[in-house]
Structures are given as C-alpha cells and as structure tokens.
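Trainee: I would like a close look at a single part of this model, with the setting in which it sits. Please take me through it step by step.

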Amino acid sequence: MSDALSTAAVPADASARRRRGLWWRARRHPTVAVGLAVLAAIVLATACAPWLAGHDPLFVDPMARLKPPLGAHLLGTDALGRDVWSRTVHGGRVSLVIGFAVAVTATGVGLLIGLVSGYNRIADAVLMRCMDGLMAIPTILLAIALMAVLKASLTTVVIAITVVEVPRVVRLVRGVVLSVREQPYVEAAVVAGSGFGRILLRHILPNTLAPVIVQATYIGAAAILIESLLSFLGAGTPPEVASWGNIMAEGRTYFLVAPWIILAPGLVLAVTVLAINLVGDGVRDMLDPRFARRL
Amino acid sequence: MKRIGLLGVAALAALFAFAAGPAGAQNKIVIRSVPIGNLKIVDPIWTTAYITRNHAYMVWDTLFALDADNKPQPQMVDTWNVSADKLTYTFTLRDGLKWHDGGAVTAADCVASLKRWGAKDGMGQALMGYTAALEPVDAKTFRLVLKQPIGFVIDALAKIDSNVPFMMPERIAKTDPNQQITEVIGSGPFRFVAEEWVPGSKVVYEKFKDYVPRKEPPSQAAGGKVVYVDRVESIYMPDHGVAMAALASGELDLHESPATDLLSLVEGNPDVVIVPNDKLGYQLFMALNHLYPPFDNKAVRQAVLWGLKQEEFLTAMTGDPKRFTVCAAVYGCGLPNESQAGTEPLLHPDPDKAKSLLQAAGALGAKIALMDQTDNDVHRAVLVAAQALRRMGFTVEVVAMDWSTLIQRRASKAPPEQGGWNVFLTNATVTGIANPLIHNFVKNCDQAWYGWACDPRIVEAGRQWALETDPAKQRQLIDELQRLHMENVTYVPLGMYRPTIIYRKELSGIIPAPAIFYWNIKKKI
Amino acid sequence: MWAYIARRVLATIPVLAIVALVVFSILHVAPGDPAALIAGDQATPEQIAAIRGKLRLDLPLYQQFALWLGNALHGDLGTSIFSNRPVAALFLQRLEPTVALAVMTTIIAVLLAVPVGVLAAWRAGSLVDRGVMGVAVLGFAFPVFVVGYILIYVFAMKLKILPIQGYRPIADGFWPFLQHLVLPSLALGLSFMALIARITRASVLEVLGQDHIRTARAKGLPARRLLFDHALPNAAVPIVTIIGVGVALLLGGVVVTESVFAIPGVGRLVVDAILSRDYPVIQGVLLIFSLTYVVVNLIVDLVYVAIDPRIRY
C-alpha cells in the first residue's frame, strides 16, 4: 500500500493541503466508510422508528406471547406479547441517545476538568487523586451503586455512566495539555504576552480535539454496552422504557425457548458497537501521521 | 528465560495432577435443589416471606400440622385435652424431642415460641386476644386458658402458611418479635449447617440423626417426618434458563419454581418429572388504596371490576391455560368457602362498560400511581394491569421499584404524590386465604391490610363467622362476605394459578403441599 | 529507585482515601432510610429509631465515616444487614471462585489475544489485519451475557461436553474445577480479547516501525526471530499495563458472568448487596476491590521499573 507516501509528504501549507491530505487518507480507509454507513443506517432506522415499527412497542398482548419470528410479527414477540422488532427499533433510540449523551457529556466534562488539571499544578494534584480514586472502583459496580441511589430514569443512567467514563477523558486531556505546554511555540506565545485564554483556544484545545474525538466514539460504544449490562443486572433504564438492555434483560429467562428476544437487540447492539469502533479506529488512524505501514 | 518457562509449566502440571484426586469419600446422598427465592431472612416469625417459611420447615417443627385433608393433626404434641367448660387446653409433648444443639424440648420452650408467634401473626394475635393465660405445667406439659370459648385454637396451632407457629428454644424465642433471630437451632428433621451457608448462593441442611419421627405415614405437613437422604443443598440460581438446563443435564435434582415457559425444554425428557405440587396454588390480586382519589369513590372501584380480563393476567403469569383458573371468589375456587356472589363483572369483563362507568363517576383521566415490583414475577401482571387501566381511561404512572421497597411503601398512608400509592398487585397462597379468619388481605377497618378498606358490615360478618358453629349459617355468612367484598371492592381477585415443580426421576416421595418438604424423599443412586 | 518506590506507595494513600470517601458518600446520601428497611413493614417508629441507634445512623455523617474507616483499618468491615455475618467473612468465603474466574479469564484472553494482535500487526493494513481485529472486536461488542448464553447453548446443551453452571472448589478436584470454569472464562475472556489484541497490535506496530528492527531486517533476520526475539519483548510494557487496567474491567465483568453461570463469587455478593441496599457489604467490598486495583497498579508500575531500563523517575 502506498501509505508510506502519504505520511512522508506532509504539505507545507496548513489548511487546504491538510484537508486534502485527510480526504485522501479517508479513501484509503474503507473500513471507516463501512462503519459510518452501518452506523448511519442504524441511526436512520431508529429515528424513523414510529413509521418503521408497525406495532406499538408497549402494547401488551398476553395471548400472543413468545411467538417465533417470521409469523405475524417480524421478529416474534416477547413474554408479554410485545412485538420484538418494534421494541428493538424503538429501543435503539433510547440506547443510541444514551450512547450519544454520555459521549458528549463525558468528553465535555472531561475536557473541562482535564484542561484545568493540566494547567494548574494544585488543581492537578487534587483532581488527579480524585480521578484515580474514581477509576479504582470497578466500572460496573460504580455505575450500579450510583443507580442504586438515584431514581432510575434515562437521565440518571446517563449521569451514572458519564461519571464512570469521565476520569479516563480527564487523564487523556491532561496528558495532551501537559505535553503541549512544553512545546516551543507555546512558550513563545507566553513570552510574547498572549493571554491564558488565547493560548488555550489557539494552541492547546486544537491539539486535544483529535484524541478526544476518537475517545468520544469509544465512550459512546462503551456507554451502550454498559447500559445493557446495567439493565441486565436490574439497575439500568426503568422497565417502562424499552432499551436494548431492558429488552434483553426481560428476555433472559426465555433464552433457551425464545432466543430471538435476546438475539435481536443483542445483534443490533453488537453491530452498532462494531460500527462505532470501526469509525473510531479509522478516525484515529487518519489523524495519526504515524499510521502503521506494512513491513 | 525459556528454560524457566518450561520448568514452570512442568511444575504447575505436577501440582495440578496432584490435586486432581477427589477430596474424600463422598458416599452421602445429596439432593441439590433450587429454592423459590434467595434466603435472606432466617426468622419465620419476623417475616411472612415464603422462602423463609420453606427454610423453616426444614429445621423447625410444629405442635400441630394440617394433613392432606387440611385437618389438624398432632405433630410435636402427644396427647391433649380440652376442659369441660372449653376454656382450658392442656398439651403434652411427645417423648424424645431434642434440639439440634442437644437438650430436650420443654414446655417452656413451646410457651415462649407461641408468645413470640402470637405477637406477630394475625391469627396468633387473634388467639392471644382471647387468651387469659399460657404457661408451662411441667417439663412436658403446658396449658392455654381462654377468656371465652372459641373454635379455632387447634386450627391456629396447625397453621400451615406464614407465619407458621414453629417451636424454638426458649432463649431464641425470647428474642423481641420485631428483631430477627440470629441462631437457627430447631428440633426439626434437618439441621442448618451454618458454616456452609453462602448467603445469596447456597444453604446446606443435614439430616438430624436424633430426630424421632411420628409413627403415622406422612400426610401433607402432618405424620411421620422420616428423612431418607443425608444432605440437602439449596442452591439459589437467578437464571431460570441455566437452572432448567442444569436440571435437564442432571446437575440439579429438583427445582421448586421453574419458569413455566421453559417447561417445554424438559417436557419430552424421560428423566424429568413435572408436577403441579400444590393443587391450589396462588391467587393473584390487585390492592386499591381506599384512602385517596380516585379509589376512595366506591363507584370508581366498581368500574374497575368491569375492565379487567383475568385471562390476560393469568396467561401473562403462567402461559399455559392448564395451569390457571379464572376465579373471582375471595376465599378461592374449589374450596369449601367458594362463593360466586357479586362476581359477574370479573367473570364477564367489558372494558367499554368500565370506561363509561368511569366517565359517569367523573373519574375519566384520573391519575393513578401503580407500584411495579420489577424484580418479582408478578411484574408481568403489573404491566398487563397498567395497560388495562389505561384502556379503561385512567392516566397510569407506573412506579418501578424492587419488592422490598414496595412492601415498605405500601405501608405508607401518605398521598400517592408524596410517597404513597394507588394500586399494586401481589399474590397469596390459596391455602392462606381459604377462610375469613386467615385471609389477612381482606380484613377491614381496624385490622385492614394495605388499601385500608373499611366496611363495618364485613367486620361484623367476619366476627360472626369465627364464632358460628352451624355450617349452614356459616355458608350464608360466607356468601354475604363475598357479596360485600365485591360491592365495596375490598380488593380485586384476579384468578388462581398453579405453579409446578420439576425433578429428576431418581427422586420419589415428594409430598403434595404448598411448600416442598424434604422428608420422605428418596433418591435412587 | 527506592525513593521512587516509596513515593509511589505513598501516592496511593490519598487515592485510597478518596475511594473510601466516594464509596461511603454514594450510599449515605441516598434517599431512603436503611433503618426502616431493616425494621420491616410492621415496625413502629420506636423500633426504627432503635435500629438507627444501633447502626449509628444518628451520628453526623463525618463521624459515621470516621468510625467506619477506623474499623476498616482494623479489618472490621462491619456486619451484613441481612445475613448478620461479618462482611469480611462473607467476602473471604466467596473470594476463591472470583479469583479463579479472573485468573482463568486473563489466561484465556491473553492466550487468544496476543497472537491475534501480533498477527494483525505483522500484516498491518491488509484484509487479514482488518478481519482479525474485527472478529476480536465482535467478542467485545456482544454483551458478556449474550456470549455466555450462546456458549451455554452450544457447549453445554447441544454438545453436552461441559457443565452448564456452578463452581467446584479446587479442593474437590482439579478437573471438575477446570471444567466448570471453562465456559465462564471463555465468555468473559472473549470480551477482553479485543482490548488486549488492540493494545498488542498497536504496541508491536510501534516497535516494528523502529530503526533497530529495520536494521535487523536489512541484515536478513528471518521473520519469526524478528518477532519473538526483538519485537515482542519490547512491546511487552504496554501489554503488561493493559493487564493491569484489565483487572479493573475484569472485576466489573466478573459480576455479570457470575450471575449467568451461578458462580458464588464476590461479584454476585456485591450486586445483591447493592440491589438490596445492604450498606456494610457494599462499602466493604467496594473498598476491597478498589484496594486491589490500586495495589495491582502499584505492582505494575514497579514491574515497569524492573523490566524497562529506560524508565527513570
């Protein structure tokens, strides 16, 4: 592959050439395109849920319970006779919203704390100890404990998972800030009299964006998975709300006789996580000039 | 480094091979079973939870017990008599009754145990209310002196359902009834192996070698409790599918409450037996809060009766029509006190009529808070209820919580918006609701259960029934009670369903009863 | 170096303090009254008050915290509200299955993931790379319980070659012990495979791009020697890190796996405790878990100093 060429020829002129370089690299990463396409398809499908679903996801019909797929119901029904296809599509909205919300909030909060931490030594000492402390508690357990004290709702699930994911973002951002601060051009800017805010905005922030965006995609995928684990253990989204995790949690008992209840949302969840990961990997590879070459 | 690696692997292999042999002669006969729930509370007087009751039957014994015809028979009691004026009951214990930690069972132990039970249990409280004195006479005899003659002394002592009057050592029975006991020492056919208890996972019982069973053959909870196995391991498995698969493959011997939908996995399996061990099963019911709108309005409550289809609820609970019975009788169907008075709305539901009745009562769109115990299988029925109530025209808010939170919150008389409630669903064993005296859930006014229904006529009719001895008059009173319950809508019966148990064919001798008794069970090896 | 070690050890103390604070505060700022829960629904207000006194819930929060922490440092983690057993005893009783599961899972994950990661790095950019990494991520993309159920269905029900659930202590024989651990470790291990494979790949790639490798190649060193004698040892450092980080993730993943396979481990203990608000157990076990994580990371850091001569603090 001719990646060796792409890395060697870093254009001299910043903006336009950089953009061309990026686009060029994008075409050499088909997996990003695949990932994006799959993700877009899933997002679109869930956005169109009310029209796509066909049945009311909450409609309980005990007489039609545990019907297999490819009958009156595309993906069968669950233990209360609710349409699995419809619930999966509607559940996708909830799970994707949670994933997105957590990704945005965790990176936002993490960015803020990380910037402060990287810039101020005292704040750093305090904040990093706090983050280390939070990271020391196993993820799922911290999330369950938080859910146990908060009343279960979409918002609290997002909060719980965000709290769990923030420390890693903070660590990442702080690392970038610390390394950028040492760069000569930042020192030059300081000497030249640039204000704190300017340095932050012009020099530090842009450098944090790339890794943070990549991290954000991984956090989104992780959030969707964590939500499913929380719901499985009974500490996730409230039962009235259909999310992929909830559908699987309720279908748990019936796996051996009605596997479609778990497999439908499970498969879609896995594909979504996979797609997000492909996009994340691809974006990371694109933004990393030291992308690997074949020996 | 490579050499160390090889040596290391070799050493490990040797170590593992050494440890490979089985730990010791395991010739004990062990039954591995899955209980109906997770044993958290070991005190059967402090809680009415069935898992605790089932556990208690292993290690504690009772003075009297109900036989297969639901008639009281003496169990720990050898002989007893009633004085001519019907006020004094004298009981003499059998010979050879011992506690698990040594020491003989004495009358003092029994008196203390009865007092503790009488402080907590509804029927026990009623009995104590009529009791003038309860005291030991000598080491094996004690007497109960009443204030006035009543007909249910032996019935109370033979009570099979929670709270069962189990006999405990005096020092344990002296524990405050509102605190849990910590020691599990009894005189029953099994002893609790405390060192091997893994809370949340495994409870171990071993045969109590010094237990002296009665001579009669076993009959429900009565008769001789002969144990034919050495050990019972009660393994709590949260995952029904895994439990079913484990039973099918022989890793488990018995499952006390399998998921009915999974029975198809073992139905064709020649090694597995499926039986509905408790022929009566459970009654599902809905409790309404009479204190606050909209259910403080009798017309609204009556409208609800028309809007619920029992079949939907029961199908959601068990799936298989063979295992449920549509039944609106407060005291159970197929039982002596079955009555059909006032049951028409429930047996011929008409949601449209319900809606128009609701409208007429001015409660269309009324907001109600429905409590949902998400960690309990009644949760399915709750979701059906939510939909049915919405179909009628209510605005339903489903409040999710776990069961232990629900049992706290249902005790609250606060308004629904401030931590109270309007509706919840639960179940009760049919044996536990068979007559007006033991049916705690429909008591009214002073003794009202959660929902706080109050119709003084019901209280009066109930009191008369307890004192009535003429069966014809009792029958009339039962019909009257049923009619009044339906008119005032004390609660809403939603039908009866029968759970099944499954076990491997190596087991035999399982006694039909509301709880699984492990005496009399033989295991072929 | 000793100064570094000493500093590193001292640095864990504030972290542990934060952990203790977090663990304690999460539970005590929760709504709901634990005393009422314990007293039961028939209790009178006096009985509830008595239980509050017994549990010291009537003291101000900071005093309760000091009391709890003081006891914890002496090894007394309190008593479970429901089973009335000491938390430490409950924990020790259930430790063996969880440790066994964690160790087996790590072994399986490493055994599967490292070759995968190396292969992907060796053939970086090609279809093999994408394909292999894709399959690895698939293990991670499916929630652990879905993987677990599928494994149970295939291996235990259809093929009938492995037990479905439960745990046999190693004292009861090594083969039963191993047999019962295979499926759960595989289910959980597949989850971690992706992470380890990814790090291995990145790290090996990094090393392979370096000059000394290019030189060795130019000198005509065969590929296998290149990989095993030069690339892998240098790539070992980040791989060891991830195993350290993996411990934290593992402790979380173990929870769900134990629930599916009915393994009586610490994971289930703490989840049951959280769902039933058994505060002493929750606090005690979370504290121990976090302590474990901190200690493991400490050891990892110290191992770095030992194996990587370039690291000097």
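Trainee: What pLDDT does chain B average? With that settled, please look closely at helix α11 of chain B.

Mentor: Happy to. This is a predicted model, in which local features need pLDDT of at least 70, side-chain atom pairs count only at pLDDT 80 or more, and totals for chains, interfaces and linings use all residues. Residues are numbered from 1 along each chain as its sequence is written, while chains are lettered from A and ligands numbered from 1 in the order in which they are written.

Chain B averages a pLDDT (the predictor's confidence in each residue, from 0 to 100) of 88, and 95% of its residues score at least 70. Residues 1-8 of chain B are below 50, and this stretch has zero contacts (C-beta atoms, placed from the backbone, within 7 Å) beyond near neighbours in sequence. Residues 16-25 of chain B also stay under 50, although the model has 12 contacts for them beyond four places in sequence. Where pLDDT is low, the predicted coordinates should not be read in detail.

Now to your helix. α11(B) spans residues 351-360; helices (H or I, at least four residues) and strands (E, at least two) are DSSP runs, numbered from the N terminus. B:Ala354, B:Leu357 and B:Leu358 are buried here; buried means 20 or more other C-beta atoms within 10 Å of the residue's own, exposed 12 or fewer, and partly exposed in between, with C-beta atoms placed from the backbone. Why do they belong to the same side of α11(B)? They cover an arc of only 100 degrees around the axis, which puts them on that same side; the arc is that of the directions from the helix axis to the C-beta atoms. B:Asp352 and B:Ala360 are on the other side of α11(B), and they are exposed.

What do the buried residues of α11(B) pack against? Their partners are α8 (298-306) and α12 (379-392) of chain B. Past the helix, α11(B) is followed by B:Gly362, whose phi is positive, near 75 degrees.

Seven bridges join β17(B) to β18(B) (residues 395-401), and the two run parallel. Within that pairing, B:Asp372 has B:Ala400 of β18(B) as its bridge partner. Two strands pair if DSSP finds at least two bridges between them.

For contrast, look elsewhere in the chain. Seven strands of chain B form an open sheet in the order β10-β11-β12-β1-β13-β21-β14, with mixed pairing. Its edge strands are β10 (190-192) and β14 (272-275) of chain B, each of which pairs on one side only. Inside that order, β13(B) (residues 254-255) and β21(B) (residues 501-504) are joined by two bridges and run antiparallel. There, B:Leu254 stands opposite B:Tyr503 of β21(B).

Note on methods. Two residues are in contact if their C-beta atoms, placed from the backbone, lie within 7 Å.
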